[in-house]
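Please consult the sequence and the structure shown here while reading.

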Amino acid sequence: MSRVIAYLVRFAVILFGYVVASLAASAFLNVLFLASLGYAPEHAHPTATASLYFSIPFVALFIAYFAFMPAAIVILISEILSRRDWLFYALAGGIVAAVFLGFVHQNADINFDVTDPHAIAAVIGCGMVGGIFYWLSAGRWAGSWWQAATSPEQSKS
């Protein structure tokens, strides 16, 4: 019974980490977009700040939707291999973003395709930021459930 609870807790932590990663990637994308338009923190108008409260979670929904399958594969690999270093998650986030871009380029409408090199770099950077924030919130304990289930102390009792 305690093993089932440990699995459920780990699953909840993974979901929480995925939400945090999606929000962080969305916030980074919003900041990059505003910076590309020439907005600086000293130019921030209260309406621009209030619009971020809506646009960051809204864009995070799209990021979470489009990145789900590649991210689920990366999370599964990291849990099985017990990868706990931030660089793995940063590079994996960049790979998830690159897989998304490749999928969009292969299958999407011509108006949805990302072809500008700066936009491609921004999307991959957002994936890397999301990967780092996933590591901060959930990845540092990857595979802990696996090690606890196979530890010699657990099998003695």
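In this predicted model, the axes of helix α1 (residues 2-36) and helix α5 (residues 117-137) come within 7 Å and cross at roughly 145°. Two packed helices are described by the angle between their axes and the distance between the axes.

**Packing of α1 with α5**
- The crossing in which α1 passes α5 is right-handed.
- The residues of this contact comprise 16 nonpolar, four polar and one charged.

**Packing of α4 with α5**
- Helix α4 (residues 86-107) packs with α5 at an angle of about 140°, and their axes are 7 Å apart.
- Because of this angle, α4 is oblique to α5.
- The crossing of α4 and α5 is right-handed.
- Residues of α4 including W86, Y89, A97, F100 and L101 meet residues of α5, among them I120, V123, M128, Y134 and W135.
- The residues of the contact of α4 with α5 divide into 15 nonpolar, four polar and no charged.

**Nonpolar cores**
- The largest nonpolar core has 16 residues, of which Y18, I75, Y89, V96 and Y134 touch the most other members.
- The elements giving two or more residues to this core are α1, α3 (68-81), α4 and α5.
- The helix that gives the most to this core is α4, with four residues.
- Not counting residues up to four places away in sequence, Y18 touches I63, A64, A67, F68, A71, I75 and Y134.
- A second, separate core has five residues, including A97, F100, L101 and V123.

How values were computed: Residues numbered from 1 in each chain as written. Predicted model: local features only at pLDDT ≥ 70, side-chain atom pairs only at ≥ 80, totals over all residues. Heavy atoms only, no water. Axes fitted to C-alpha atoms, helices over the stretch in contact; angles between N-to-C directions. Left-handed = near helix turned anticlockwise from the far one by under 90°. Nonpolar A, V, L, I, M, F, W, Y, C, P; charged D, E, K, R; others polar. Parallel < 35°, antiparallel > 145°, perpendicular 65-115°, else oblique. Contact = heavy atoms within 4.5 Å. Core = buried A, V, L, I, M, F, W, Y, C linked by side-chain atoms within 4.5 Å. Buried < 20%, exposed > 50% of the residue type's maximum accessible area, 1.4 Å probe, protein only.
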